[in-house]
Amino acid sequence: MDLQIPLVQQAAVIEDPGPGGRILLRGDVSVGEPGVHEILVKLEVSGVCGSEIRALLGWSSYTPIVGHEGVGIVVKAGADADDSLLGQRVGVKWLYSACTQCSACNRGFPNNCGRQLNTGRNVRGTLQQYVVADSRFVTRIPDGLASEVAAPLLCAGLTMMGAISKLDGQLGPGDWLVISGSGGGLGHIGVQIAAKVKGFRVIGIDSGEEKRKLSIESGASEFIDFAEGNVEHRVKEITGEGAHAIVVVSGSEDAFRASPLLVRNMGIIVCVGLPANDFNIPIPASLCSARALSITGVAVGSEGQMEEILEHALRGDIQPSIQILDFHDIPQILDQLKLGGVTGRVVVRIPSGINS
Ligand SMILES: [Zn+2]
Ligand SMILES: [Zn+2]
């Protein structure tokens, strides 16, 4: 394989995580060495997920190199790693590894394993040129799917596949689903899955003309700009009793507060967004009982759901809206994500050489 693996590489590194956290581009970061079951992947692209803001602001503990939507070529295999992966194009996801033994793993949901390790949290992430990944949990990217299209599916797409699948057997074609945060990296893919794959009628909630346009293009029947008025009133006007379900993709506390008001009795609230850890959804227990509401949540999706969304993307049913930017744009991209100013998903090109 590639014998030109350097000792040092370029990486985007978070310094002083907290209110004044910064991300710096460095050219002197060591290249990892794959251990047992591990491979080294030379990255071509990485998506930039809004959840990285949590690392920057120090809301939880992460490694200094985040990123969990990487696509690249396997250039080295460690002991007991599958050699047939060498030279293959793979996706590196949030799920670095899972225990394979617990009940969640046994049910086919390693993404819900209590002993999982995560890319960017426990091991260095994909905002670097070379990433070490666990060969048992990477995703082979099918031929015919461009790397920059595949990247946002590894977290954003997979998460929304997991979220919308929570409604299987509960909602049918034509039922109303609200997606709160419908113009963002995850939200617009969720609109596509809900409208085009499941046949739900989708009400997108977000703000601004660009996000309205992307929500409607993605298949939303209606769009409500939360900055322009009474969201509850508009949802009731459109649906009569309220939506059958809501997926709260936005990390905004207001979006979670509003969620029980936007669903009808027996409605389902699916939590996806990640507000600060000390925020609780203010729903009276008596209201949950009296209105028979269900509250559930997802953390990415299963390996089966990953295969499913890649197939939809190959067929063209799912088309992530991407902006491709350069690696050196990462600090500005995070600034924009902090302000909620990114429509669709940003994918960065990873430089191929040490100076390029
Ligand atoms: Zn993510
Ligand atoms: Zn497990």
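In this predicted model, the donors of the zinc ion (ligand 1) follow the spacing C-x18-H-x86-C along the chain. The coordinating atoms are SG of Cys 49, NE2 of His 68 and SG of Cys 155. Their distances to the metal run from 2.0 to 2.2 Å. His 68 counts as buried because its relative accessibility is 2%. Cys 155 has a relative accessibility of 6%, so this residue also counts as buried.

Elsewhere, 6 strands form an open sheet with parallel pairing. Their order is β12-β11-β10-β13-β14-β15. Strands β12 (222–225) and β15 (294–297) are the edges, each pairing on one side only. Neighbouring strands are turned against each other by 20° on average, direction ignored. Within the sheet, β13 (residues 243–248) and β14 (residues 263–271) run parallel and are joined by 5 bridges. Ala 245 has Ile 268 of β14 as its bridge partner.

Helix α4 (residues 187–197) touches β10 (176–180) and β11 (201–206). The direction of α4 makes about 170° with that of β10. Helix α5 (residues 209–218) touches β11 and β12. Its direction makes about 160° with that of β12.

How values were computed. Residues are numbered from 1 along each chain as its sequence is written. Chains are lettered from A and ligands numbered from 1 in the order in which they are written. This is a predicted model: local features need pLDDT of at least 70, side-chain atom pairs count only at pLDDT 80 or more; totals for chains, interfaces and linings use all residues. Side-chain values use heavy atoms; hydrogens and water are left out. Donors are N, O and S atoms within 2.8 Å of the metal (3.2 Å for Na, K and Ca); water is not among the atoms, so sites may look incomplete. Buried means under 20% relative accessible area, exposed over 50%, partly exposed in between (1.4 Å probe, protein chains only). Two strands pair if DSSP finds at least two bridges between them. Helices (H or I, at least four residues) and strands (E, at least two) are DSSP runs, numbered from the N terminus. Axes are lines fitted to C-alpha atoms, for helices over the stretch in contact, and angles run from 0 to 180 degrees between N-to-C directions. Contact means heavy atoms within 4.5 Å.
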